[in-house]
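These are my notebook entries on one chain, written as I looked things up. I begin with how the elements are assigned and then go from the whole chain to single residues.

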Amino acid sequence: MSLTAGSRVGQYEVAEAIGAGGMGVVFRARDHALGRDVAIKILPQAVSDDPERRQRFAREARLLAAVNHAHIAQVYGIEDSVAGSAIVMELVPGSTLRDLLRFGPIGARDAVAYARQIALALDAAHEKGIIHRDLKPDNVKVTPEGVVKVLDCALAKVWAGEEGTTDDQTMT
């Protein structure tokens, strides 16, 4: 089942689809209990019956929730719905870095500011042993105020340290 405007996922009311990728469809929704808009990422129906894909999806939520940082989109929770498993997260206003690049080169000052914020986000993730592995302009949002938020850890790996190993190779 696909979500449409007015559908409910737990306490959240879906407003509209705002994006799609290989690991999910993202919707804008309203959290009426807390009076805020959120993003809800639903595992695509084509893979929702695959236990490994569901496991990777839940793992993404756990990884993102483990890092509380100003430049990483926050995860608020996981919900089950008629449409499948859902990750409820911060709705980040603004444009992706890819969208901004469509208008031409980014000025040096802004490029340095964005790069610095991305580096801070990755550093925070690395402190938790998380390696993003899918950092690209589509997975970086820039708010109207110029604040960068790194999104989408679906391909992340957990690293045990220099002497350690990464997590299960089948989960990449």
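Before placing any residue in a strand, I note that helices (H or I, at least four residues) and strands (E, at least two) are DSSP runs, numbered from the N terminus. I also note that this is a predicted model, and I read every entry below with that in mind.

Entry 1, the whole chain. I looked up the elements and found three helices and eleven strands in the chain, which follow one another along the sequence as β-β-β-β-α-β-β-β-α-α-β-β-β-β. Of the 172 residues, 41% are buried, and the chain exposes about 9200 Å², with carbon and sulfur atoms supplying 52% of that area. I then turned to the contacts with a separation of 6 or more, and residues 24 or more positions apart account for 51% of them.

Entry 2, strand 6 and its partners. How many of the residues of strand 6 are buried? I found that strand 6, residues 84–90, is mostly covered, with seven of its seven residues buried. On one pairing, strand 4 (residues 36–42) runs antiparallel to strand 6 over five bridges, and within this part I noted isoleucine 42 with alanine 86 of strand 6 as its bridge partner. On another, six bridges join strand 5 (residues 75–81) to strand 6, again in the antiparallel sense, and here aspartate 80 is bridged to serine 85 in strand 6.

I located aspartate 31 in strand 3, which covers residues 24–31. Is aspartate 31 buried or exposed? Its relative accessible area is 0%, and because buried means under 20%, aspartate 31 counts as buried. A polar atom of the aspartate 31 side chain lies 3.1 Å from the backbone nitrogen of leucine 34. Leaving aside residues up to four places away in sequence, aspartate 31 touches Gln11, Tyr12, Arg36 and Val38.

Arginine 36, one of the residues touched by aspartate 31, has its charged end over the ring of tyrosine 76, at 3.8 Å from the ring centre. I also searched the whole structure for aromatic pairs, and the search finds zero.

Glycine 10 is in the loop between strand 1 (8–9) and strand 2 (12–21); at 42% relative accessibility, glycine 10 is partly exposed. Its C-alpha is 6.4 Å from that of glutamate 79, although 69 residues separate glycine 10 and glutamate 79 in sequence. Lysine 128 sits in the loop between helix 3 (108–127) and strand 8 (130–131). From lysine 128 to leucine 63 the C-alpha distance is 8.9 Å across a sequence gap of 65 residues, and lysine 128 touches Ala66 and Val67 when residues up to four places away in sequence are not counted.

I traced an open sheet of three strands in the order 7-9-10, with antiparallel pairing. Why is one side of strand 7 and of strand 10 left without a neighbour in the sheet? Strand 7 (95–96) and strand 10 (148–150) stand at the edges and each has a single partner strand, so one side of each has no neighbour there. Strand 9 (residues 140–142) pairs with strand 10 over three antiparallel bridges, and lysine 141 has lysine 149 in strand 10 as its bridge partner.

How values were computed
Residues are numbered from 1 along each chain as its sequence is written. This is a predicted model: local features need pLDDT of at least 70, side-chain atom pairs count only at pLDDT 80 or more; totals for chains, interfaces and linings use all residues. Side-chain values use heavy atoms; hydrogens and water are left out. Rings of Phe, Tyr and Trp (its six-membered ring) pair if their centres lie within 6.5 Å; planes under 30 degrees apart count as stacked, over 60 as edge-to-face and the rest as tilted. A charge sits over a ring if NZ of Lys or CZ of Arg is within 6 Å of the ring centre and within 35 degrees of the ring normal. Buried means under 20% relative accessible area, exposed over 50%, partly exposed in between (1.4 Å probe, protein chains only). A polar contact is a pair of N or O atoms within 3.5 Å; within protein, one must be able to donate a hydrogen and the other to accept it, and residues adjacent in sequence count only if both atoms are side-chain atoms. Contact means heavy atoms within 4.5 Å. Accessible areas come from the Shrake-Rupley method with a 1.4 Å probe; for residues, only the protein chains shown count as cover. Two strands pair if DSSP finds at least two bridges between them.
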